[in-house]
Amino acid sequence: MLTAAAFPRTRWGIIALVTLAYWGLLAYQYTHGGVTGHSFLARADMPTISNWWGGLTLPLVAYGLSSILQRRLRAFGTNAAHADAALRQATAGFVGATLYGAAMAIGFTTGHEELSSFLFTALPLVALVLPVFRAEYLLGFIAALSMVFGGVLPLIIATGVATMSFVLHATIRRGVRWMLARRASSPT
């Protein structure tokens, strides 16, 4: 069982897994017709970004986001039970975001663009309910999408999603909580 105390070692495994999986994809593409690139909005008139860039960006993103998660776990200090609970929540968030991103990628590659479009447009609702601006959500989402869209476009998308989620959590969720608390405390 993964514990917060063992996370620093596991963190390097996560970074290695993301890096090796992506470089394996690059090696496959290189030996099977060449490394591809992706255009913004899948339009030919937009600039194309080579998947080679993902070989640099993904390890850096995995390192940076796992560092943020490790710092968050360290904030619990000697309270191992709370740190372990936070790590379980982070693991669930990572897995959920990976599955969400994989569903978007699979929908796109299998010709079911309506599924990808639906999942993309549902992101604000998901961001309202879940804190997808956290590192574990971003890492899972970026890692899953990068296997289809390269390592740069998912990073750009995730940055927008994280910003939107943070704003929604900072404004709408807090505003609703404030209104509910005010309503509960007001005399009837």
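1. In helix α3, Tyr100, Ala103, Met104, Gly107 and Phe108 meet Glu113, Leu115, Ser116, Leu119 and Phe120 of helix α4, where contact means heavy atoms within 4.5 Å. Sorted by class, the residues of this contact of α3 with α4 are seven nonpolar, two polar and one charged; here Ala, Val, Leu, Ile, Met, Phe, Trp, Tyr, Cys and Pro count as nonpolar, Asp, Glu, Lys and Arg as charged, and the others, Gly among them, as polar.

2. A word on the basis of this note: the model is predicted, with local features needing pLDDT of at least 70 and side-chain atom pairs counting only at pLDDT 80 or more, while totals for chains, interfaces and linings use all residues. Residues are numbered from 1 along each chain as its sequence is written, and side-chain values use heavy atoms, with hydrogens and water left out.

3. The axes of α3 (residues 80-109) and α4 (residues 113-121) come within 6 Å and cross at roughly 145°, the axes being lines fitted to C-alpha atoms, for helices over the stretch in contact, with angles that run from 0 to 180 degrees between N-to-C directions. The crossing of α3 with α4 is left-handed, a term used if the near helix is turned anticlockwise from the far one by less than a right angle, and right-handed if clockwise.

4. For helix α6 (residues 135-149) and helix α7, the axes come within 8 Å and cross at roughly 150°, and α6 passes α7 in a right-handed crossing. On the α6 side the contact involves Leu138, Phe141, Ile142, Leu145, Ser146 and Phe149, which meet Leu153, Pro154, Leu155, Ile157, Ala158 and Ala162 in α7. The residues of this contact divide into eleven nonpolar, one polar and no charged.

5. As to the overall layout, the protein has seven helices and two strands, and from the N terminus on its elements run α-β-β-α-α-α-α-α-α; helices (H or I, at least four residues) and strands (E, at least two) are DSSP runs, numbered from the N terminus. The C-alpha trace spans about 70 × 40 × 25 Å along its principal axes. Of the 188 residues, 38% count as buried, where buried means under 20% relative accessible area, exposed over 50%, and partly exposed in between (1.4 Å probe, protein chains only). Among contacts between residues at least 6 apart in sequence, 69% join residues at least 24 apart.

6. Rings of Phe, Tyr and Trp (its six-membered ring) pair if their centres lie within 6.5 Å, with planes under 30 degrees apart counted as stacked, over 60 as edge-to-face and the rest as tilted. By this rule the count comes to five aromatic pairs. The pair of Trp12 and Tyr63 is tilted, because the ring centres are 5.7 Å apart and the planes stand at 40°. Trp12 lies in helix α1 (residues 7-31) and Tyr63 in helix α2 (residues 54-74), so this pair ties together parts that are 51 residues apart in sequence. Trp12 is partly exposed at a relative accessible area of 47%, and Tyr63 is partly exposed at 40%.

7. Tyr30 and Trp52 form an edge-to-face pair, with 6.2 Å from centre to centre and 65° between the planes. This pair links distant parts of the chain, since Tyr30 is in helix α1 and Trp52 in the loop between β2 (48-50) and α2, 22 residues apart. Tyr30 counts as exposed at 57% relative accessibility, whereas Trp52 counts as partly exposed at 39%. Together with Trp23, Tyr30 and Trp52 form one aromatic cluster.

8. Leu25, found in helix α1, counts as buried at 18% relative accessibility. Leaving out residues up to four places away in sequence, Leu25 touches Ser146 and Met147. Leu25 and Asn51 are 26 residues apart in sequence and 9.5 Å apart in space, C-alpha to C-alpha.

9. Two residues of helix α7 (residues 153-185) can be set side by side, namely Ser165 and Ile172. Ser165 counts as buried at 0% relative accessibility, and, not counting residues up to four places away in sequence, Ser165 touches Ala127, Leu130, Pro131, Val132 and Phe133. Ile172 is partly exposed, with a relative accessible area of 42%, and apart from its neighbours within four places in sequence Ile172 is in contact with Leu128 and Val167. The C-alpha atoms of Ile172 and Leu128 are 8.0 Å apart in space, while the two residues are 44 residues apart in sequence.
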